[in-house]
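Hi everyone, thanks for making time.

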Amino acid sequence: MARIRIAGDTLVVEIEGTDRLWALKSRLEIPLENVRGATADPGAAREPKGFRAPGTHLPGVITAGTFHLDGERVFWDVRDGSKAVVVELRDERYARLVVEVEDPRATVALVEGALAPSAG
């Protein structure tokens, strides 16, 4: 599972527990200017993953790490697809982050709120 938070002008994704081992990463930091948006997407876990390099894929158990599909690099950390959030990126190492979070709706609201233009 991952925890997503906003620190200043940066999206911080912290991989928790043993998922750090399977994903071969413990943390990702993305400038908010490179985040296009986020959606709760329980169907993402059923999408083709491509080939892993490096990563772990045990169907129905866990998908974690870096996967390559159609010329894009995607970071995965999902065990329970019903809690998947997809974060779309631009000008970054990854085109998308697909991660499991505790509360997908709250996470999407957090990311979208950070991307909303300030009133005033």
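Predicted model: local features only at pLDDT ≥ 70, side-chain atom pairs only at ≥ 80, totals over all residues.

Leaving aside its neighbours within four places in sequence, E88 touches N34, V35, R36, G37, A95 and R96. E88 sits in strand β8, and with a relative accessible area of 28% it is partly exposed. Look also at A38: its C-alpha and that of E88 are separated by 6.2 Å, though the two residues are 50 apart along the chain.

Now pick V35 out of that list of contacts. What does V35 touch, once we leave aside neighbours within four places in sequence? The answer is L11, I30, V87, E88, L89, R90, V111 and L115. V35 also belongs to the largest nonpolar core, which has 23 residues. V35 is among the residues with the most contacts inside that core, along with I4, L11, V13, F75, V87 and L97. Where does the core come from? At least two residues each are supplied by β1, β2, β3, β4, β6, β8, β9 and α2. Apart from that core there's another one, of eight residues, including V74, W76, V78 and A84.

Which of its residues are buried? They're P104, T107, V108 and V111. Down the axis of α2, those buried residues fall within an arc of 95°, so they line one face of the helix.

Next, the aromatics. How many aromatic pairs are there? The count comes to one. It's F75 with Y94: the ring centres are 5.7 Å apart and the planes are at 65°, so the pair is edge-to-face. F75 is in strand β7 and Y94 is in the loop between β8 and β9, so the pair ties together parts that are 19 residues apart in sequence. Buried or exposed, these two? F75 counts as buried, at 0% relative accessibility, and Y94 counts as buried as well, at 3%.

As a rule, most residues other than glycine have a negative phi, and most peptide bonds are trans. Here, the peptide bond from A53 to P54 is cis, with omega near -10°, and P54 lies in strand β5. Then L24 has a positive phi of about 60° although it isn't a glycine. You'll find L24 in the loop between α1 and β3, exposed, with a relative accessible area of 51%. D70 is another non-glycine residue with a positive phi, near 50°. D70 is in the loop between β6 and β7, and is exposed, with a relative accessible area of 75%.

That's my tour. Over to you for questions.

Note on methods. Residues numbered from 1 in each chain as written. Heavy atoms only, no water. Buried < 20%, exposed > 50% of the residue type's maximum accessible area, 1.4 Å probe, protein only. Helix = DSSP H or I, 4+ residues; strand = E, 2+ residues; numbered from the N terminus. Arc of directions from axis to C-beta. Core = buried A, V, L, I, M, F, W, Y, C linked by side-chain atoms within 4.5 Å. Contact = heavy atoms within 4.5 Å. Phe/Tyr/Trp six-rings, centres within 6.5 Å; stacked < 30°, edge-to-face > 60°.
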